[in-house]
Amino acid sequence: MFVLKPSLAISQDALLDCRTLFERHQSDLESNHAAQSSQRILSYQSLVAELQRCLDQGIYAQALIALAVSYQEANQWEDALKHLSQAQDVYRSTASDSGLYFVNLEMALIYQRQRQPEKAKPMLFKSLEHARNIDDTMSMGRSLNILGSIYAMADSLEQASEFFRQSMELWQQTGNKSKLAASFNNLGNVYSALGKREQAEEYYLTSIDLKKDLQDFEGLANSYNNLGDFYFNAEAYNRAIAFFQKSANLSDSLEVFGITAIAQQNLAITYEMLGDFESAYHAMWMADSLNTMENAEKYSRDVAELQEQFESVKKDYRISDLEKENQLKALELEQEKNTRWIWALSTLLLLAALVFTVFSVLQHQRTNTQLAQKNEEIDHQRQELAETNEELRETTATKERLFAIIAHNLKGPLSALEGVSGIMDHYLKKGQTDKLRYIATEVDNTAFQTNALIANLLNWSRTKTRNIPHRPERIELSGALAQCIDLVKGQARQKGVKLGLKLEEECAVEADLNVLKTLMTNLLHNAIKFTPTDGMVKVEVEPGEDRVSIAVRDTGVGIAPERLPELFGASASKSTYGTGGEQGTGLGLYVCQEFARMEGGELTVESTLGKGSVFRFSLALAQPQASDTQPLKSTLS
């Protein structure tokens, strides 16, 4: 904190300027609905820097909280907690109970989302204390309600019910029916879990009545689902069906298809318990159709995000090109100016040649040296401009490849899904359920392949825009590799391919766990894809002096020699079909190469056509510890 003693008029002006700056900034962001979380973070970082020396510490704290909220939207929890802690220090210095209440509540909500109830509890008790200090009934009720949720999360149901009852009493004092309905619903959930069915039913019905009065139809659809669950657990299946159907009908009319899908799934399970398999199939078909619709919307959003990222990169390169061109023009103008000056000086020297001969020679030499330096700078700038243009051409070619993949891989599956409902309806009417199973399998396969494409595209785009954070840590290699093998066991089992891990002794590496898992899972999926039934895919680990080599070896079909040079490219190679007809995305190995380079290595391949392939990369060994030398045995599955 700095010391400043302005006059009263100056202080008021400074306070007004700070508040105006904050409000104008908030208004600009609210008007820009398309702003990404990363843009909001950068914008609020700039605002916090401007307000750091502001006399109104409350405005500065609000800016810190707004920046923390932006970090939460980007799922950057540590940065969010850091800036909330800074706001907490500001409010402590000003003894602001209302500010401390809000900061502690936000920190508790972050811990709740991270499933860390023990860290959330003290934050909530502090927020409750500050709310009591300012006698804010609404704030006290909110803290108590969240405390009930935290204790319910930790299975402390009796304590949870007590906090929910206290919050309910406060809502009754304020006459807030919306909050009161939520408390009754929460109490219904807790008493249902405690086995107190009569009380649970009473609370559920009271919550439903309140939501009807409030015309909170979306909340009412959720409550119908909760009450249906309650009757299902009580084995009152017909009553459960009635409330699940109410939830489905209401949410469908509201076009809240996520709730509709859950209600249809619950109906399918309940009909199955009653032996009404035809109704169960119909309800499950409805749920699958709604989930497919939501997935299609998600894919559209992901593709739009990729488009925006590429447009941003393209714009940055264009700006950089313009800056380089402006610098080059300025240098050329300066060169012309120097040249004119030299000729003017030469003319003057010719008029006084006898007097200034020595001076003329020295001046000419000095000017030539300066001109040579300027020419070198111009050549350097031209070289940089040429490199930038080449990078832009590569980026443009990569973008064209990306959207070609999107057009090829997404248009077909999504177009195929358009007619699925009509075909399924036709087979349902004819009672040909065996064909429905085949169609369902095809829809699952299509969704799986499309989801794999989107995942690889997002990973690929992040490597190109440097948006993947690299956080190396000490990793016990056997455990990490075992987790990766577990992720592909279902795929291997379905094809009849055996999996193996050869690791003579335990070793630890220094690497980013997420990068390692993505790299290994892609290589294992690829190996299984090109390995026939009864084949073998094995992970082999060979420690060296300072790095450990990891190889994925398969007994598959191998790779033709002419395809090896283009195997890791993002714009040349095309996806091929696996031994079981599986189709890839054409980007998996490129992403693997990018991730191997992030870990300081290279992805290499050795392959013999008809005999199999070996993909190999390396990781840095971590500093040895006593537990690193324990012998291990090879495993097979």
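Contact here means heavy atoms within 4.5 Å. This is a predicted model, in which local features need pLDDT of at least 70 and side-chain atom pairs count only at pLDDT 80 or more, while totals for chains, interfaces and linings use all residues. Residues are numbered from 1 along each chain as its sequence is written, and side-chain values use heavy atoms, with hydrogens and water left out.

Starting with the inside of the fold, Leu 47 touches Leu 21, Phe 22, His 25 and Ala 63, once residues up to four places away in sequence are set aside. Leu 47 also belongs to the largest nonpolar core, which has 80 residues. A nonpolar core is taken as a set of buried Ala, Val, Leu, Ile, Met, Phe, Trp, Tyr and Cys residues joined through side-chain atoms within 4.5 Å; buried means under 20% relative accessible area, exposed means over 50%, and partly exposed covers what lies in between (1.4 Å probe, protein chains only). The members that touch the most other members are Leu 47, Leu 51, Leu 84, Val 103, Leu 124 and Leu 227. Helix α3 (residues 57-73) supplies the largest share of this core, with 10 residues. Another core lies apart from it and holds 42 residues, among them Ala 492, Val 539, Cys 592 and Leu 603.

As for the chain overall, it has 20 helices and eight strands, both read as DSSP runs and numbered from the N terminus (helices are H or I, at least four residues; strands are E, at least two). Of its 637 residues, 41% count as buried. Looking at contacts with a separation of 6 or more, 66% are between residues 24 or more positions apart. The chain exposes about 35000 Å², and carbon and sulfur atoms supply 51% of that area; accessible areas come from the Shrake-Rupley method with a 1.4 Å probe, and for residues only the protein chains shown count as cover.

Among the strands, β6 (residues 604-608) and β7 (residues 612-621) pair in the antiparallel sense over five bridges. Two strands are said to pair if DSSP finds at least two bridges between them.

Asp 135 has a phi near 55° and sits in the loop between α6 (117-133) and α7 (137-153). With a relative accessible area of 59%, Asp 135 is exposed. Asp 534 is another case, with a positive phi of about 70°, in the loop between α19 (513-529) and β4 (536-543). Asp 534 counts as exposed too, at 68% relative accessibility.

Next come the charged pairs. Side chains of opposite charge can pair when their charged atoms come close. The structure holds 11 salt bridges, each a side-chain nitrogen of Lys or Arg within 4 Å of a carboxyl oxygen of Asp or Glu. One of them joins Arg 239 and Glu 201 (3.8 Å, N to O). This pair links distant parts of the chain, with Arg 239 in helix α12 (residues 237-254) and Glu 201 in helix α10 (residues 197-214), 38 residues apart. Arg 239 is partly exposed, with a relative accessible area of 44%, and Glu 201 is partly exposed at 21%. Glu 476 and Arg 474 also meet in a salt bridge (3.6 Å, N to O). Here Glu 476 is partly exposed at 33%, as is Arg 474 at 28%. A further salt bridge brings together Glu 602 and Arg 597 (3.1 Å, N to O). Glu 602 counts as partly exposed at 42% relative accessibility, and Arg 597 does so at 44%.

Finally, a word on confidence. The mean pLDDT of the chain is 79, and 76% of its residues reach 70 or more; pLDDT is the predictor's confidence in each residue, from 0 to 100. Confidence is highest in strand β5 (residues 547-554), at a mean of 96, and lowest in strand β8 (residues 635-636), at 48. Over residues 1-12 pLDDT stays under 50, and the model has six contacts beyond four places in sequence for this stretch. Over residues 632-636 pLDDT also stays under 50, and the model has 15 contacts beyond four places in sequence for them.
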